[in-house]
2 protein chains.
Amino acid sequence: MTDRTVTLRDVAAQAGVHPATASRALNPETRLLVRDDTARRVLEAAEALGYHPNPVARSLRTRRSNTVGVLIPDLTNPLFPPIVRALEDRLAAAGYVALIGNTDGDGERERLVFQQMRARHVDGMVLATAHLSDPLLADAARGGLPVVLMNRMAQDHSLDSVSVDNERGMRMAVAHLVAEGHTRIAHIAGPQEVSTGLSRYRGFMSAMEAHGLEADPDLIITAKALEEAGLNCPADLSVVGFNDMPFIDRLRPPLTTIRFPHYELGTETAQLLLERIGGQGGPVRVIYLAPELVVRGSTAPCRRTG
Amino acid sequence: MTDRTVTLRDVAAQAGVHPATASRALNPETRLLVRDDTARRVLEAAEALGYHPNPVARSLRTRRSNTVGVLIPDLTNPLFPPIVRALEDRLAAAGYVALIGNTDGDGERERLVFQQMRARHVDGMVLATAHLSDPLLADAARGGLPVVLMNRMAQDHSLDSVSVDNERGMRMAVAHLVAEGHTRIAHIAGPQEVSTGLSRYRGFMSAMEAHGLEADPDLIITAKALEEAGLNCPADLSVVGFNDMPFIDRLRPPLTTIRFPHYELGTETAQLLLERIGGQGGPVRVIYLAPELVVRGSTAPCRRTG
DNA sequence: TTGTAGGCGTTATCAC
DNA sequence: GTGATAACGCCTACAA
């Protein structure tokens with residue numbers, strides 16, 4: 001039993017048919033073109049020889065790599081592991097593998113990695129990076145490469161995207177605080193150049209307005225170091241965080257958060273991309289996933305009100 | 001400017017040479033076989049046409065995929081993102097990409113994913129999974145597929161491996177507690193079937209012995225729910241954790257931990273694998289990476305002693 | 001229903 | 001130094 005890799009010819013020879021016939025028998029899509037017992041013979045031969053089709057040869061022929069590129073800023077950002085895990089699970093179920101590229105938010109690296117992945121002939125791309133230049137995207141679209149944006153949207157809604165609903169999440173946070181009797185509500189804002197930061201700001205402002213509260217400009221803060229200012233949470237103030245994470249319930253006090261369905265974000269993205277790769281057309285889809293409010297110890301009724 | 005993919009023939013035609021010559025000129029390894037100005041002409045033509053070699057065709061011909069399989073239990077285990085990130089960084093620098101497979105510690109899935117990756121003709125494998133059957137490993141070895149174990153070792157040291165030194169880490173933990181005056185030291189043990197659990201147990205026992213302390217069997221515990229038993233840390237007892245993590249310094253009290261160099265674990269593993277893929281022989285290498293003690297608030301001098 | 005033939009894009013082995 | 005040729009393993013018109 002030598003270890004030479006067994007090829008389609010070997011299977012065909014063993015089954016006493018032509019390689020073309022063996023190919024047809026082995027491929028579920030074309031099996032019906034071949035007589036039943038012939039097919040069976042081929043299948044048996046393949047099994048007996050331990051035949052595995054060479055995906056490289058197949059790719060060269062079919063011009064599909066069963067491979068998908070995924071661009072993220074940084075895998076060690078705790079946001080991404082569940083997303084990537086979900087992507088890989090869903091893709092694997094469809095016979096695809098993901099090539100992960102970390103860009104660290106560097107536009108130049110994004111460009112580079114994007115092109116390397118195109119060079120590797122990925123069948124589609126998932127983009128979770130913020131700065132990717134639109135020329136590149138337009139280029140990909142023109143070349144017919146399916147692209148799905150993840151947790152990020154095209155300004156003009158010109159591309160498929162799957163995101164969590166940051167604006168809605170922020171409204172839930174504000175509503176919760178209002179329900180606890182709070183009226184002086186601050187917003188510690190993230191960078192406004194990326195869509196998540198902007199959505200949250202928008203959500204904050206619209207929620208404040210909806211509740212008839214004034215958003216004090218002095219309470220829209222960009223730094224993040226006020227816990228140590230001698231204030232006690234939740235006695236002196238309530239805090240709602242974004243993005244639930246492991247261990248965040250072990251802080252003192254446990255942090256009330258808006259939890260986003262990150263795993264599902266990956267699943268939905270993969271699903272949409274697979275449909276596009278499969279040739280499914282249709283209008284651009286912009287999908288939002290709803291967040292959830294997880295109430296813990298960092299929020300409490302307002303003392304002045306309660 | 002039609003969008004047909006530009007191939008080597010196109011470049012050759014443009015440069016007025018034979019495709020074989022163009023190939024030689026384009027490949028750094030063989031460029032010296034071609035006359036300088038010819039090479040330059042080819043390079044210019046390639047540049048002008050925006051030529052990118054087709055890696056699939058190249059793989060088919062050279063039987064190398066520039067691809068590496070990585071089997072881990074679960075990417076969402078916070079241990080793995082830095083490791084995987086490091087692997088990908090180092091591999092990317094060498095022109096390789098990683099295919100990640102999550103196995104959830106399920107032996108059957110491990111087998112399956114392993115074989116799928118072989119079928120995809122990966123050039124090497126990184127295995128961070130515990131249960132992989134040795135027949136499979138032997139099979140891979142026999143087939144000449146480079147394999148490096150990560151954070152796991154072959155019992156008989158028959159395979160390359162890179163691990164953090166759990167035993168040493170445990171000895172550091174015990175030594176720290178002893179230095180604080182503690183003598184009644186418990187060990188909350190992980191599963192003993194995997195090498196990490198066993199190494200830590202061994203380290204614990206040897207350290208206790210080295211310090212002339214008796215390891216009370218009642219204090220070797222496998223469950224993990226004793227913090228809520230009305231004990232105050234660090235007043236009533238000191239605690240040392242394993243595996244430093246984000247946010248673990250925000251617990252109350254901040255957890256003293258043994259920190260392992262996870263990023264470096266990935267880097268070293270990738271490095272070793274790349275060398276093996278590159279045909280570098282030599283004896284089996286078993287590499288250990290040293291841990292570090294990070295003292296925080298969860299350990300304090302023993303009251304009885306101090 | 002099955003066989004024939006050609007090509008996917010590249011590189012390796014010959015010649016010249 | 002360069003060109004011709006074949007082959008990597010597979011798929012798919014087309015012909016029989």
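Analyst: We take the surface near the DNA, then a sheet. This is a predicted model: local features need pLDDT of at least 70, side-chain atom pairs count only at pLDDT 80 or more, and totals for chains, interfaces and linings use all residues. Residues are numbered from 1 along each chain as its sequence is written, while chains are lettered from A and ligands numbered from 1 in the order in which they are written.

User: Which residues come nearest to DNA strand D?

Analyst: A residue is near a strand if its C-beta atom, placed from the backbone, lies within 6 Å of it. Here 25 residues are around DNA strand D, and A:Leu8, A:Ala20, A:Ala57, B:His18 and B:Thr21 come nearest. Elements giving two or more residues are α2 (19–26) and α4 (55–62) of chain A, plus α2 (19–26) and α4 (55–62) of chain B. Helices (H or I, at least four residues) and strands (E, at least two) are DSSP runs, numbered from the N terminus.

User: Which element gives the largest share of the surface near DNA strand D?

Analyst: That is α4(A), with five residues.

User: How do I read a sheet?

Analyst: Start with pairing: two strands pair if DSSP finds at least two bridges between them. In chain B, three strands form an open sheet, ordered β8-β9-β11, with mixed pairing. Its edge strands are β8 (240–242) and β11 (292–294) of chain B; each pairs on one side only.

User: In what sense do β9 and β11(B) pair?

Analyst: Strand β9 (residues 256–259) of chain B pairs with β11(B) in the antiparallel sense, over three bridges. B:Ile258 stands opposite B:Leu293 in β11(B).
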